[in-house]
Amino acid sequence: MFNVIRKSIQWGNETLTLETGKIARQADGSVIATLGETSVMANVTFAKEPKPGQDFFPLTVHYQEKYYAAGKIPGGFFKREARPSEKETLTARLIDRPIRPLFVPGFKHEVLVMCTVLSHDLVNDPDIVAMIATSAALTISGVPFMGPIGAARVGFSNGAYVLNPEVQDMDKLRSNPEQRLDLVVAGTKDAVMMVESEAYELSEDEMLGAVKFGHDAMQPVIDMIIDFAEDSAKEPFDFQAPDYSALYSKVKAAAETQMRAAFAIKDKQERTTAIDAARTAAKAALSEEELASPNLGSAFKKLESSILRGDIINGGARIDGRDNKTVRPIVAEVGILPRTHGSALFTRGETQGLVVTTLGTGDDEQIIDALHGNSRSNFLLHYNFPPYSVGEVGRVAGPGRREIGHGKLAWRALQAVLPAATDFPYTIRVVSEITESNGSSSMASVCGGSLSMMDAGVPLKAPVAGVAMGLILEDDGRYAVLTDILGDEDHLGDMDFKVAGTEAGITSLQMDIKVAGITPAIMEQALAQAKDGRMHILAEMAKALTAGRQEFSAHAPRIETMQIPTDKIREVIGSGGKVIREIVEVSGAKVDINDDGIIKIASANADSIKKAYDMIWSIVAEPEEGKIYTGKVVKLVDFGAFVNFFGKRDGLVHVSQIAKQRLKHPNEILTEGQEVKVKLLGFDDRGKVRLGMRMVDQTTGAEISDSEDA
């Protein structure tokens with residue numbers, strides 16, 4: 001019934017297996033990839049005809065993590081996988097980015113890729129497995145795909161690169177000083193197509209070495225997919241790229257002069273208006289058939305690309321007048337919003353981010369329900385890209401894949417310099433509102449995020465800046481690397497290469513390549529040029545702020561931490577939470593306690609923090625023998641007085657220890673409720689507290705000797 005084809009290789013420390021022919025046989029391509037005991041099914045389908053008038057390539061990638069894969073049931077009230085998690089969205093982007101440029105130019109048929117995690121061994125991350133499964137499914141589907149691609153994760157520990165480190169190693173990246181890198185690289189046999197990384201101040205050479213290591217490590221996977229496809233691939237889909245050379249010639253003749261004049265305008269909005277006008281004027285010279293052609297958009301894009309790229313590659317200035325290495329003018333400002341905990345406005349040319357930092361307590365941490373277990377995050381970064389930032393009218397909805405992806409990139413760049421949670425016990429939320437955009441808004445979020453956190457008093461290890469690099473690569477081998485690219489240079493260029501870091505090294509690298517010809521020499525030049533750009537931006541940021549402020553905003557909470565013995569946690573919480581609720585109500589502070597006995601006390605009022613601290617301390621602390629305390633008489637008996645002297649602890653002052661002179665009864669000089677000063681003399685055989693008054697000056701609290709007069 002089944003024609004199962006299976007191939008396996010030893011890859012690193014695990015066995016990698018590809019299988020097809022048994023499941024999802026009606027898909028154009030279906031492959032289950034297994035690494036260790038992590039399995040992902042990738043299914044590819046594509047339309048056999050393009051939609052009428054379709055003028056773009058409609059590729060959709062979905063990645064789904066099924067909780068049953070790890071033997072779990074989804075948390076919350078709705079016990080079903082619903083909207084994509086952040087991890088699922090980011091992985092879908094991770095798969096999309098390296099495969100999109102590899103479809104044959106001109107192919108505009110709808111393509112759907114669906115990846116489903118079927119099994120997760122909690123060791124091998126499913127994202128790499130999903131990328132490999134997708135590559136194999138596309139390769140055998142018959143779709144015009146110029147692959148296959150391979151993928152690998154690279155770690156960097158104790159000076160050595162590690163292939164596909166375990167999930168738990170990557171989860172503990174921030175707390176493990178030995179593990180300094182989490183890098184995902186994808187590419188073809190000859191070229192790197194995509195890089196995504198989180199790093200801890202790696203040098204340019206170390207980062208480039210990691211990319212090369214990952215590309216070399218994926219070669220056996222690519223060879224395996226080719227071998228697999230030889231036995232299982234369907235007949236290639238009969239597709240001929242459309243020839244629109246005649247249409248292009250006509251568009252060029254009608255629009256080139258006006259289009260060149262439009263690209264000479266430096267202001268983005270004016271340039272966009274002029275380009276639209278040039279398009280409109282050119283359309284007047286076209287026939288109805290030519291206007292209805294699905295290749296009309298491609299013809300205009302080719303013309304725009306030839307103008308922008310030709311000027312740069314031939315040594316001319318870029319469209320805003322800069323040379324290839326100059327960063328746009330920068331203005332960095334901090335403290336611009338009066339009620340926020342920290343704020344910054346970072347403007348670079350026509351790209352601007354208003355970035356705000358809010359400090360919270362442990363209650364504000366993000367709870368993450370993932371396949372490999374639940375976790376909490378005390379650093380959040382949210383990126384918003386409203387339509388007005390590019391002068392457009394558009395529908396405003398929840399965060400899309402762009403917002404989630406750009407926000408995560410900025411998060412990766414900044415988290416490497418955060419203080420340890422034990423040193424700075426706050427939850428940090430950074431929100432980047434992109435108010436203007438003309439290229440590299442994610443890097444503006446990095447720069448603004450660094451400044452706003454320092455404005456809020458976060459003691460960052462070092463400021464972080466980011467810059468986006470571009471590439472123009474011609475068929476004859478000539479190329480130009482561009483620093484701080486504009487939106488048009490990204491759209492019409494061959495590379496989007498974002499680098500963020502401190503003066504000491506790189507904290508994040510993201511690279512997307514649109515051509516299969518980038519060489520290590522080009523990457524090396526891009527990294528070196530990016531370093532120069534980053535240093536320039538850091539110097540401009542330093543004009544506003546160079547380190548975290550010493551004082552918090554008056555509106556930010558203060559948090560004090562204390563460590564108590566774990567066997568005292570029950571006493572602080574009390575039966576049914578009675579004690580801790582009383583502490584919160586009386587002090588007015590927020591109190592969080594974890595299983596390790598770490599207590600965080602938060603309030604904007606220092607007196608509230610002190611009151612809560614003292615109340616907790618009185619519960620957990622043990623009285624010290626020989627120390628003098630202030631207490632209150634709670635009961636008088638014939639043989640002495642019981643005094644409450646330490647939290648809820650009482651002790652006995654024997655009648656002989658009350659005063660120098662002999663007393664018949666304690667009530668001769670004491671009354672219930674009277675405040676007295678006592679010395680802890682010790683504990684009797686039964687653990688009862690023995691106190692004394694006669695050796696303490698009741699006015700000053702100073703200790704006096706028995707030889708002195710009472």
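Biologist: Where does K408 lie relative to W411?
Modeller: K408 lies over the face of W411, at 3.8 Å from the ring centre. A charge sits over a ring here if NZ of Lys or CZ of Arg is within 6 Å of the ring centre and within 35 degrees of the ring normal.

Biologist: And what sits over the ring of F385?
Modeller: That's the charged end of R402, 3.9 Å from the centre of the F385 ring.

Biologist: Before we go on, what kind of model is this?
Modeller: A predicted model: local features need pLDDT of at least 70, side-chain atom pairs count only at pLDDT 80 or more, and totals for chains, interfaces and linings use all residues. Residues are numbered from 1 along each chain as its sequence is written, and side-chain values use heavy atoms, with hydrogens and water left out.

Biologist: OK, helix α10. How far apart are its end C-alpha atoms?
Modeller: They are 21 Å apart, which agrees with the 21 Å that 15 residues (401–415) should span at 1.5 Å a residue. The expected span is 1.5 Å times one less than the number of residues. Helices (H or I, at least four residues) and strands (E, at least two) are DSSP runs, numbered from the N terminus.

Biologist: How many residues of α10 are buried?
Modeller: 13 of the 15, so α10 is largely enclosed by the rest of the structure. Buried means under 20% relative accessible area, exposed over 50%, and partly exposed in between, with a 1.4 Å probe and protein chains only.

Biologist: What about G394, where is that?
Modeller: G394 is in the loop between β16 (379–384) and α10. With a relative accessible area of 41%, G394 is partly exposed. Its C-alpha atom is 26 Å from that of D512, 118 residues away along the chain.

Biologist: Back to aromatics. How many pairs are there?
Modeller: The count comes to 17 aromatic pairs. Rings of Phe, Tyr and Trp (its six-membered ring) pair if their centres lie within 6.5 Å; planes under 30 degrees apart count as stacked, over 60 as edge-to-face and the rest as tilted. Take Y426 and F552: the ring centres are 5.3 Å apart and the planes are at 85°, so this pair is edge-to-face.

Biologist: Which parts of the chain does that pair link?
Modeller: Distant ones, 126 residues apart: Y426 is in the loop between α10 and β17 (427–436), and F552 in the loop between α13 (520–542) and β22 (558–563).

Biologist: Are Y426 and F552 buried or exposed?
Modeller: Both are buried.

Biologist: Which residues form an aromatic cluster?
Modeller: F57, F103, F107, F145 and F239 form one.

Biologist: New topic: what does the side chain of D125 contact?
Modeller: D125 makes a polar contact with the side chain of K87 at 3.1 Å. That term is for a pair of N or O atoms within 3.5 Å; within protein, one must be able to donate a hydrogen and the other to accept it, and residues adjacent in sequence count only if both atoms are side-chain atoms. The D125 side chain also reaches the backbone nitrogen of D127 at 3.1 Å.

Biologist: Is D125 buried or exposed?
Modeller: D125 counts as buried, at 17% relative accessibility. You'll find D125 in the loop between β6 (111–119) and α2 (126–141).
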